[in-house]
Amino acid sequence: DGCKLFSGILTETGSKVFIPLTVGGGINTVEDFDRVLKCGADKVSVNSGAIRNPSLIKEAALKYGSQCVVISADVKRVDGVYRVFAKGGRENTGMEAIEWIVKCVKNGAGEVVLNSIDTDGVKQGFDIEMLRAVSESVDVPVIASGGAGKIEDFITLFNTLPKVDAGLAASIFHFCEVKIADLKAEMKRNGIPVREVFYGQDR
């Protein structure tokens, strides 16, 4: 059973990772929130599930608190308008992205992960324009996703948009194109607040 397998992996990960753990993917009901939180997640990220059922965010926030609810939005420019995409960025919902994200925050989302489809995988830097529009529209933490290719991309992000709270990347870390320790050291040299590493653990 895929659900049981994922729960087992999550439980094991939660017991070995000493940083806040956010889990997403296939979150469609409050019961899904309950399942992953009980397995060790600190926060739950929801995307297509909230598009299908807009009341999900409010229900989850009322039950578990806004700090647990993360709205993840895949956004792409369509004819000059930011549009929300579902199903891993394959389906245009037609919804204007800023309005959607603001609505989710008003309903109780305590954090926003903004993934720019336009810059995702390109490795030419984060989508500063899109991130500025979102970070100026909400008063909760905003995490930038899509576009990181080198250390300097993170420095540019935080120096340009101090209201953005974090930068997310995947392949550059998975394939050791950028070492996390080197990134943190460079951020520190640039006066950007960063969690230090202590004996292999974040603190």
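Predicted model: local features only at pLDDT ≥ 70, side-chain atom pairs only at ≥ 80, totals over all residues.

Trainee: Why is the pair of Phe126 and Phe154 called edge-to-face?

Mentor: The ring centres lie 5.3 Å apart, and the cut-off for a pair is within 6.5 Å. The planes stand at 80°, and angles over 60 degrees count as edge-to-face; the pair is therefore edge-to-face. Phe126 belongs to the loop between strand E6 and helix H6, whereas Phe154 is in helix H7, 28 residues apart, so the pair links distant parts of the chain. Both Phe126 and Phe154 are buried.

Trainee: What makes Asn107 buried?

Mentor: Its relative accessible area is 19%, and buried means under 20%; Asn107 therefore counts as buried. Asn107 is located in the loop between helix H5 and E6. Apart from neighbours within four places in sequence, Asn107 contacts Pro54, Ile57, Lys58 and Ala61.

Trainee: Which residues of helix H9 are buried, and how do you know that they are on the same side of H9?

Mentor: The buried residues of H9 are Leu183, Lys184 and Met187. Around the axis they cover an arc of only 95°, which puts them on the same side of H9. An α-helix has 3.6 residues a turn, so residues three or four places apart point the same way.

Trainee: Which exposed residues does the face turned away from the buried side of H9 carry?

Mentor: That face carries Ala181, Lys188 and Arg189. After H9 comes Gly191, with a positive phi near 75°.

Technical notes: Residues numbered from 1 in each chain as written. Heavy atoms only, no water. Buried < 20%, exposed > 50% of the residue type's maximum accessible area, 1.4 Å probe, protein only. Helix = DSSP H or I, 4+ residues; strand = E, 2+ residues; numbered from the N terminus. Arc of directions from axis to C-beta. Phe/Tyr/Trp six-rings, centres within 6.5 Å; stacked < 30°, edge-to-face > 60°. Contact = heavy atoms within 4.5 Å.
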